[in-house]
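Please walk me through this model in the viewer, one selection at a time. Tell me what to select and what is found there.

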Amino acid sequence: MKKPLLEVRSLTTHFVTEDGLVRAVENVSLDIHPGEVLGLVGESGCGKSVTGLSILRLLPVPPARIVNGEILFDGRNLLELTEGEMEKVRGNDIAMIFQEPMTSLNPVFTIGDQIIEAILLHQGVNEGEARKRVVELLDRVKIPSPETRIDAYPHQLSGGMRQRAMIAMALSCQPKLLIADEPTTALDVTIQAEVLRLLREIQREMGMSVLLITHDLGVVAETADRVAVMYAGRIMEYGSIETIFSNVRNPYTKGLLSSIPQLEEKRERLNAIPGQVPDPMNLPVGCKFHPRCYLMIDECKKEEPRLFPVNGDHLSRCIRWQECC
Amino acid sequence: MEKQKKVFWRYFKKNRLAVGGLVMVAIIFLVAIFAAVLSPYDPDKTDVSLKLKSPSSRNYLGTDQLGRDVFSRMLYGSRISLTVGFIAVGISIFIGILIGATAGYYGGWIESLLMRFVDTMLCFPSFFLILTIVALLGPSIFNIMIVIGITSWEGTARFVRAEFLTLRERDYVQAAKALGVKDRRIIFRHILPNALAPVFVTATLGVASAILIEASLSFLGFGVQPPRPSWGNILTEGRTYIFDSWWLTVFPGLAILIAVLSFNLVGEGLRDALDPRLRGRR
């Protein structure tokens, strides 16, 4: 197999707060190959967004601190770059789109101005050329009549259109990697499907890699090639989309999968995982999932399990992975 | 943007006093610009045979102890007031934005350092500070503008910092960072335009207080030096004749009152129209 585009090695990100140390991301390793979509799934607060922001070094320091790890992008460790070098990577090599298209665009500028800014920043072109490219980009993300919409202010566009404009902005410098943090969560379901289809289409066309951060396994199933499931700052299960959906080897992933409502079923309540997400300042000893796990045995409380290799690339952090599911 | 302007006008127009103030401000501006055309006499031309004449059809506002036409001197005096008002405010807004934005955006020790400096500056009674500096540097219109500017920026710095504290957490700031935009550009191009509304309000109110400070300084003899006319020094020269020649003190006093009042009314109207929470109170 080819060398990965992005290798995250034992990334550990902590937040130093007045109430104590929050271990948001603990020893996370991931890799993304060129042209691949990796889904990063988990509940709110499991550390998936922090992982994404750590890669671009966008977390405010303090309170955040990347304690350990390496983030190798194209062979360079991003954690060792100077702020100036990092500014050249952001937007140009790695772009990011955010959850809230409503607030991710600056209300005082037209969307054209905002995208032009990104192009002028990284590509050596003049303003007229940049403007032409923006029209093409807006057309590419299927915004109707891009010649006039380029001069629209964000409040004049619908949520779906704004997210398309955000995607256009992220794609403006043809990044090698796109980090999409819950790109469809704030949109309604029909628009979600369209935006996902668009993302997938453009990703294939440009041969771009995507780190898709979401809490929605349905989104991952439709879009990703491989999945990493996170819980309490750790990776619980990691593998290709087919193996995870057909051969679950982790009780947490299983719980997530069974909480997706099925069309044929008639039931009053959703199948939820019992218990609550643990307090990140006060994580349980041993396996972080054991208080909520139906497979829990005494051993789970003693020591945190390592990632067991199930089959090739398929990994699971559970001592009873063989019995699971 | 167009829509916002329309909404702004709708609310501003409701406030009759503010509209009146705006009209007055416009008139003062026109007077200052066309002072040379409007004034019937040379403001510096003395004629002792005409001294201390009361207002008449020949001298609308009478003449002073040297026989100079008060009306003409008042028209030229409006130039001083407006120039000092606007340039002093320009300087103070510039410093205020620079310090407030830096403190609010970076936070941490930079913020602590800058804001403690602001607190220190606020401890000085600013009028006496101005007097001291003018006494040291010598009175001139140029010095007055700079001194008023560098002693009145603290309020702007404080609320610009407060605005930046909330605005820097906005998603679009994060998005701009993710695009590799440099800090300086984020501060001035992405955040500042979103914080400008209250800056306009303080600027307008600041013009009023700068006009007042200039008049006070000129009154005390530390401001614009005669024979150059300013409302403040016309007033101070007329003080000696206050019981015999009332027009020498009443008209410049009224001019200062009207100018300051107009700018304050416009400033308050702006604040009410720009702040959605204050709308519809009337």
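**Starting at a strand pair**

Select M96(A) first: I179(A) in β7(A) stands opposite this residue. The model is a predicted one. Now widen the selection to β6(A) and to strand β7 of chain A, residues 177-181; the two pair in the parallel sense, over four bridges.

**The sheet of chain A**

**Where chain A touches chain B**

Display both chains and select the residues in contact: 20 from chain A and 15 from chain B. On the chain A side, α2 (83-89), β6 (94-97) and α3 (111-122) each supply at least two residues. The largest share of that side comes from α3(A), with three residues. By class, the side of chain A that touches chain B has 10 nonpolar, six polar and four charged residues.

**A helix pair in chain B**

Finally, select α9 (residues 171-178) and α10 (residues 183-191) of chain B, which pack at an angle of about 140° with their axes 11 Å apart. The helices α9(B) and α10(B) are therefore oblique to each other. The crossing of α9(B) past α10(B) is right-handed. To see the contact, pick Y172(B), V173(B), A176(B) and K177(B) of α9(B), then I186(B), H190(B) and I191(B) of α10(B). Five residues of this contact are nonpolar, one is polar and one is charged.

Methods: Residues numbered from 1 in each chain as written. Chains lettered and ligands numbered in written order. Predicted model: local features only at pLDDT ≥ 70, side-chain atom pairs only at ≥ 80, totals over all residues. Axes fitted to C-alpha atoms, helices over the stretch in contact; angles between N-to-C directions. Parallel < 35°, antiparallel > 145°, perpendicular 65-115°, else oblique. Left-handed = near helix turned anticlockwise from the far one by under 90°. Contact = placed C-beta atoms within 7 Å. Nonpolar A, V, L, I, M, F, W, Y, C, P; charged D, E, K, R; others polar. Pairing = 2+ DSSP bridges.
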